[in-house]
Amino acid sequence: QAQLVESGGGLVQAGGSLRLSCAASGRTFRSYAMGWFRQAPGKEREFVAIITSSGGSTYHADSVKGRFTISRDNAKNTVYLQMDSLKPEDTAVYYCIADSRAPFLFASVSSILPTYWGQGTQVTVSS
(Lines give C-alpha, C1' and ligand atoms only; values in the text may rest on other atoms or scores of the structure.)
Protein backbone atom coordinates (compact mmCIF):
# COMPACT_ATOMS: atom_id res chain seq x y z
CA GLN A 1 0.00 0.00 0.00
CA ALA A 2 1.40 3.34 -1.06
CA GLN A 3 2.09 5.69 1.83
CA LEU A 4 3.45 9.20 2.20
CA VAL A 5 4.58 10.21 5.68
CA GLU A 6 5.43 13.82 6.51
CA SER A 7 7.64 15.04 9.33
CA GLY A 8 9.34 18.25 10.42
CA GLY A 9 6.37 20.45 11.22
CA GLY A 10 6.13 22.51 14.39
CA LEU A 11 5.94 25.95 15.94
CA VAL A 12 8.33 28.66 14.81
CA GLN A 13 8.54 32.42 15.12
CA ALA A 14 8.07 34.68 12.13
CA GLY A 15 11.30 34.95 10.16
CA GLY A 16 12.38 31.47 11.21
CA SER A 17 12.92 28.28 9.20
CA LEU A 18 11.61 24.74 9.07
CA ARG A 19 12.41 21.78 6.88
CA LEU A 20 9.64 19.35 6.03
CA SER A 21 10.37 15.81 4.89
CA CYS A 22 8.13 13.28 3.20
CA ALA A 23 9.12 9.63 3.06
CA ALA A 24 7.37 7.42 0.53
CA SER A 25 6.85 3.71 1.11
CA GLY A 26 4.83 0.80 -0.21
CA ARG A 27 5.72 1.62 -3.79
CA THR A 28 8.34 3.55 -5.63
CA PHE A 29 7.49 7.14 -6.49
CA ARG A 30 10.70 7.68 -8.42
CA SER A 31 8.77 8.13 -11.66
CA TYR A 32 6.20 10.41 -10.03
CA ALA A 33 6.19 14.13 -9.47
CA MET A 34 6.13 14.86 -5.75
CA GLY A 35 5.30 18.01 -3.90
CA TRP A 36 3.41 19.91 -1.23
CA PHE A 37 -0.01 21.42 -0.72
CA ARG A 38 -1.24 23.23 2.36
CA GLN A 39 -4.55 24.06 4.01
CA ALA A 40 -5.05 26.91 6.45
CA PRO A 41 -8.05 27.02 8.81
CA GLY A 42 -11.19 27.98 6.95
CA LYS A 43 -9.46 27.92 3.57
CA GLU A 44 -9.23 25.49 0.69
CA ARG A 45 -6.17 23.39 0.05
CA GLU A 46 -3.66 25.21 -2.11
CA PHE A 47 -0.63 24.31 -4.14
CA VAL A 48 2.77 25.12 -2.58
CA ALA A 49 5.49 23.43 -4.64
CA ILE A 50 6.16 20.42 -6.85
CA ILE A 51 9.21 18.75 -8.36
CA THR A 52 9.53 16.49 -11.40
CA SER A 53 10.50 12.84 -11.04
CA SER A 54 14.10 13.54 -12.04
CA GLY A 55 14.33 16.62 -9.85
CA GLY A 56 15.27 18.67 -12.88
CA SER A 57 12.35 21.09 -12.71
CA THR A 58 10.44 22.70 -9.89
CA TYR A 59 7.37 24.89 -9.55
CA HIS A 60 6.61 27.10 -6.57
CA ALA A 61 3.51 29.09 -5.75
CA ASP A 62 3.99 32.84 -6.07
CA SER A 63 3.28 33.24 -2.36
CA VAL A 64 6.35 31.17 -1.42
CA LYS A 65 8.79 31.93 -4.24
CA GLY A 66 12.15 33.04 -2.92
CA ARG A 67 11.37 31.68 0.54
CA PHE A 68 10.57 27.97 0.06
CA THR A 69 12.65 25.42 -1.85
CA ILE A 70 11.56 21.94 -2.84
CA SER A 71 14.03 19.11 -3.46
CA ARG A 72 14.05 15.34 -3.58
CA ASP A 73 16.36 12.38 -3.01
CA ASN A 74 15.20 9.46 -5.14
CA ALA A 75 17.66 7.08 -3.51
CA LYS A 76 15.79 7.69 -0.24
CA ASN A 77 12.34 8.01 -1.84
CA THR A 78 12.02 11.33 -0.01
CA VAL A 79 10.97 14.86 -0.89
CA TYR A 80 11.84 17.95 1.16
CA LEU A 81 10.50 21.46 1.60
CA GLN A 82 12.93 23.99 3.02
CA MET A 83 10.92 26.91 4.38
CA ASP A 84 12.76 30.12 5.22
CA SER A 85 11.58 33.61 6.21
CA LEU A 86 8.35 32.11 7.47
CA LYS A 87 5.32 34.36 7.91
CA PRO A 88 2.20 33.95 10.08
CA GLU A 89 0.19 33.46 6.87
CA ASP A 90 2.21 30.30 6.19
CA THR A 91 0.44 28.67 9.14
CA ALA A 92 -1.34 25.58 7.79
CA VAL A 93 -1.37 21.82 7.62
CA TYR A 94 1.16 20.82 4.97
CA TYR A 95 0.44 17.75 2.87
CA CYS A 96 2.91 15.73 0.84
CA ILE A 97 1.57 14.66 -2.56
CA ALA A 98 2.56 12.47 -5.48
CA ASP A 99 1.14 12.03 -8.96
CA SER A 100 2.14 10.58 -12.32
CA ARG A 101 0.71 13.49 -14.33
CA ALA A 102 2.57 16.58 -15.52
CA PRO A 103 3.61 18.70 -12.52
CA PHE A 104 2.66 22.01 -14.09
CA LEU A 105 -1.01 20.94 -13.99
CA PHE A 106 -1.08 21.25 -10.20
CA ALA A 107 0.79 24.55 -10.27
CA SER A 108 -1.59 26.14 -12.76
CA VAL A 109 -5.04 24.54 -12.38
CA SER A 110 -6.46 24.73 -8.85
CA SER A 111 -9.26 22.25 -9.54
CA ILE A 112 -6.84 19.43 -10.35
CA LEU A 113 -5.76 17.61 -7.22
CA PRO A 114 -3.03 14.96 -6.90
CA THR A 115 -3.73 11.26 -6.53
CA TYR A 116 -1.64 10.41 -3.46
CA TRP A 117 -1.70 12.37 -0.19
CA GLY A 118 0.05 12.11 3.14
CA GLN A 119 -1.72 12.63 6.45
CA GLY A 120 -0.34 16.15 6.88
CA THR A 121 1.93 17.94 9.32
CA GLN A 122 1.07 21.14 11.19
CA VAL A 123 3.18 24.26 10.69
CA THR A 124 2.44 27.20 12.98
CA VAL A 125 4.21 30.53 12.59
CA SER A 126 3.82 32.97 15.46
CA SER A 127 4.09 36.72 15.01
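Helices (H or I, at least four residues) and strands (E, at least two) are DSSP runs, numbered from the N terminus. In this predicted model, local features need pLDDT of at least 70, side-chain atom pairs count only at pLDDT 80 or more, and totals for chains, interfaces and linings use all residues. Residues are numbered from 1 along each chain as its sequence is written, and side-chain values use heavy atoms, leaving out hydrogens and water.

The protein has one helix and eleven strands. Their order from the N terminus is β-β-β-β-β-β-β-β-β-α-β-β.

Consider the overall dimensions. The radius of gyration, taken over C-alpha atoms, is compared with a globule rule of 2.2 Å times the number of residues to the power 0.38. A compact globule of 127 residues would come near 14 Å, so the 13 Å of the protein agrees. Along the principal axes, the C-alpha atoms fill a box of roughly 40 × 30 × 25 Å.

Burial comes next. Buried means under 20% relative accessible area, with a 1.4 Å probe and protein chains only. Of the 127 residues, 43% are buried. Strand β4 (residues 33-39) is mostly covered, with six of its seven residues buried.

What does β4 pair with? Two strands pair if DSSP finds at least two bridges between them. Strand β9 (residues 92-99) is an antiparallel partner over seven bridges. There, alanine 98 stands opposite methionine 34. Strand β5 (residues 46-51) also pairs with β4 in the antiparallel sense, over five bridges. Phenylalanine 37 has phenylalanine 47 of β5 as its bridge partner. Six residues lie between the strands of the β4 and β5 hairpin, where glycine 42 takes a positive phi near 75°.

How values were computed: Buried < 20%, exposed > 50% of the residue type's maximum accessible area, 1.4 Å probe, protein only.
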